[in-house]
Amino acid sequence: MSAAQAAALGEALLHMHRADAVRQRPLSGEDAVEVTGTSALLREATLVAIDEAGERLSRLCTALLRGEGSRAEAVAQVGAVRGLLDLLGEEP
């Protein structure tokens, strides 16, 4: 996964008080990180990260509505949410 996605999962795991349950290892020469842990925990952390990213997107959209926000920031956050959703993979 990307380093940004790994950071989002790391934040989610801290929020869940489970940061010690996974391991992260940078992949040499890439902006990517290998994350290992139980599939159930990684799925839950991904869902928490999606929820948090969605809340940030909501705040950015509210700021746009008020004429205070940045379209570029909102678009970037949409990409972050999409990337996290992609981590879930295909549902059966």
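Ala49 touches Ala8, Leu9, Ala12 and Leu84, leaving out residues up to four places away in sequence; contact here means heavy atoms within 4.5 Å. The model is predicted, so that local features need pLDDT of at least 70 and side-chain atom pairs count only at pLDDT 80 or more, while totals for chains, interfaces and linings use all residues. Residues are numbered from 1 along each chain as its sequence is written, and side-chain values use heavy atoms, with hydrogens and water left out.

Ala49 belongs to helix H2, residues 39-65; helices (H or I, at least four residues) are DSSP runs numbered from the N terminus. Ala49 is buried, with a relative accessible area of 2%, where buried denotes under 20% relative accessible area, computed with a 1.4 Å probe on protein chains only. Between Ala49 and Gly67 there are 18 residues in sequence and 27 Å in space, C-alpha to C-alpha.

Ala49 also figures in the largest nonpolar core, which has 14 residues; those with the most contacts inside it are Leu13, Met16, Ala45, Ala49 and Leu84. Such a core is a set of buried Ala, Val, Leu, Ile, Met, Phe, Trp, Tyr and Cys residues joined through side-chain atoms within 4.5 Å. Two or more residues of this core come from each of helix H1 (3-15), H2 and helix H3 (71-87), and H2 gives the most, with 7 residues. Met16 touches Leu41, Glu44, Ala45 and Val48, residues up to four places away in sequence not being counted.

Helix H3 also contains Gln77. Gln77 is buried, at a relative accessible area of 12%, and is in contact with Ala53, Arg56, Leu57 and Leu60, its neighbours within four places in sequence set aside.

Definitions and conventions
Buried means under 20% relative accessible area, exposed over 50%, partly exposed in between (1.4 Å probe, protein chains only).
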